[in-house]
Amino acid sequence: MAEVLVYVDHVDGAVRKPTLELLTLARRIGEPVAVALGAGADATAAVLAEHGAVKVLTADAPEFAEYLVVPKVDALQAAYEAVSPAAVLVPSSAEGKEIAARLAVRIGSGIITDAVDLEADDKGPVATQAAFAASFTTKSRVSKGTPVITVKPNSAPVEAAPAAGTVEALAVTFGALATGTRITGRTPRESTGRPELTEAAIVVSGGRGVNGAENFHIIEELADSLGAAVGASRAAVDAGWYPHCNQVGQTGKSVSPQLYIASGISGAIQHRAGMQTSKTIVAVNKDAEAPIFDLVDYGVVGDLFAVVPQLTEEIKVRKG
């Protein structure tokens with residue numbers, strides 16, 4: 001069976017959930033070979049093997065931490081040349097998409113970004129994408145070279161599938177451009193204790209109907225009762241009620257959780273573009289004609305200030 005390269009997104013050896021989802025998809029089209037770079041790369045091997053990686057290629061060098069993107073592209077290209085894979089899968093983060101694009105240019109291959117599913121036929125991998133603000137679903141394949149595909153978080157389940165996970169050192173030669181852009185400083189993101197927005201299985205978002213930053217605690221309390229991430233509409237962010245890093249929509253972040261709860265959000269097209277691929281959508285809005293109700297699986301016409309706290313309390317009761 002052909003091998004499939006999977007780029008590992010990890011923090012000091014802690015593998016992030018989107019990478020484990022990639023391993024699930026990779027097993028559909030071949031044997032996953034993981035590529036882990038930087039500090040803690042060797043520590044990723046056990047988790048990657050548990051989720052299907054037959055081989056783990058690792059490399060560590062100061063360049064991965066001190067310079068932007070290019071050293072990682074050099075390493076992924078070295079892995080590509082060593083393995084000759086059937087496809088290369090990369091998490092669809094901002095960095096992931098830049099790495100994938102640069103790799104595709106170098107190896108003369110086509111690229112598919114923001115895939116939400118992956119399958120294979122006798123001609124190779126076929127990726128499913130959401131297009132035109134998720135109004136259409138398309139299936140695509142790369143027509144030239146080895147497919148380089150970035151996959152959105154929450155596109156596949158995390159499945160244990162124990163494999164050998166043999167660790168091999170990856171020899172990397174850095175090119176002249178690898179040291180072109182130095183990282184001069186890092187500021188750790190303040191932890192909220194909640195899941196990362198783009199990776200969360202449940203997202204609770206508030207919009208203009210929340211009517212002020214002082215009321216967003218209602219959204220946060222519901223999210224915390226569900227173990228969810230908190231999102232916000234553009235209107236709420238523009239009003240200064242919630243940070244931009246939590247904005248869901250065309251000019252914010254795209255999410256695809258198992259459950260998306262929209263409270264006080266009308267459902268403008270730019271917001272729908274960022275959450276329309278969610279598996280189950282629930283909306284609470286006092287306007288029965290709000291466009292969001294055309295999209296939802298379940299809708300509640302009512303005042304969010306009455307509905308959401310009741311929902312939060314009911315969840316707490318059921319959870320004991």
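Helices here are DSSP runs of H or I with at least four residues, strands are runs of E with at least two, and both are numbered from the N terminus. The model is a predicted one, in which local features need pLDDT of at least 70, side-chain atom pairs count only at pLDDT 80 or more, and totals for chains, interfaces and linings use all residues. Residues are numbered from 1 along each chain as its sequence is written, and side-chain values use heavy atoms, without hydrogens and water.

Let's start with the largest pocket. Three elements, β2 (10-11), α3 (62-66) and α5 (94-107), each give at least two residues to its lining, and α5 supplies the largest share, 5 residues. A pocket is an open set of points on a 1 Å grid over the protein atoms alone, with protein on both sides within 12 Å along at least five of seven lines, and lining residues have an atom within 4 Å of a point. The largest pocket holds about 1,400 Å³ of space, a volume being the space filled by probe spheres set on the points. Of its 40 lining residues, Asp9, Arg16, Lys72, Ser93 and Glu95 lie nearest the centre. The lining comprises 18 nonpolar, 8 polar and 14 charged residues.

Now follow α5 to its contact with helix α4 (residues 70-83): the two pack at about 50 degrees, with axes 9 Å apart. α4 and α5 are therefore oblique to each other, and their crossing is right-handed. In the contact (heavy atoms within 4.5 Å), α4 contributes residues including Lys72, Leu76 and Tyr80, while α5 contributes Glu95, Ile99 and Arg102, among others. By class, this contact of α4 with α5 has 7 nonpolar, 1 polar and 5 charged residues.

Among the residues in contact are Ile218 and Leu222 of α6, together with Phe305, Val308 and Ile315 of α9. The contact of α6 with α9 divides into 8 nonpolar, 2 polar and 3 charged residues.

Methods
On a 1 Å grid over the protein atoms alone, a cavity is a set of points where a 1.4 Å probe fits but cannot get out, and a pocket is an open set with protein on both sides within 12 Å along at least five of seven lines; lining residues have an atom within 4 Å of a point. Ala, Val, Leu, Ile, Met, Phe, Trp, Tyr, Cys and Pro count as nonpolar, Asp, Glu, Lys and Arg as charged, and the others, Gly among them, as polar. Axes are lines fitted to C-alpha atoms, for helices over the stretch in contact, and angles run from 0 to 180 degrees between N-to-C directions. Angles under 35 degrees count as roughly parallel, over 145 as roughly antiparallel, 65 to 115 as roughly perpendicular and the rest as oblique. A crossing is left-handed if the near helix is turned anticlockwise from the far one by less than a right angle, and right-handed if clockwise.
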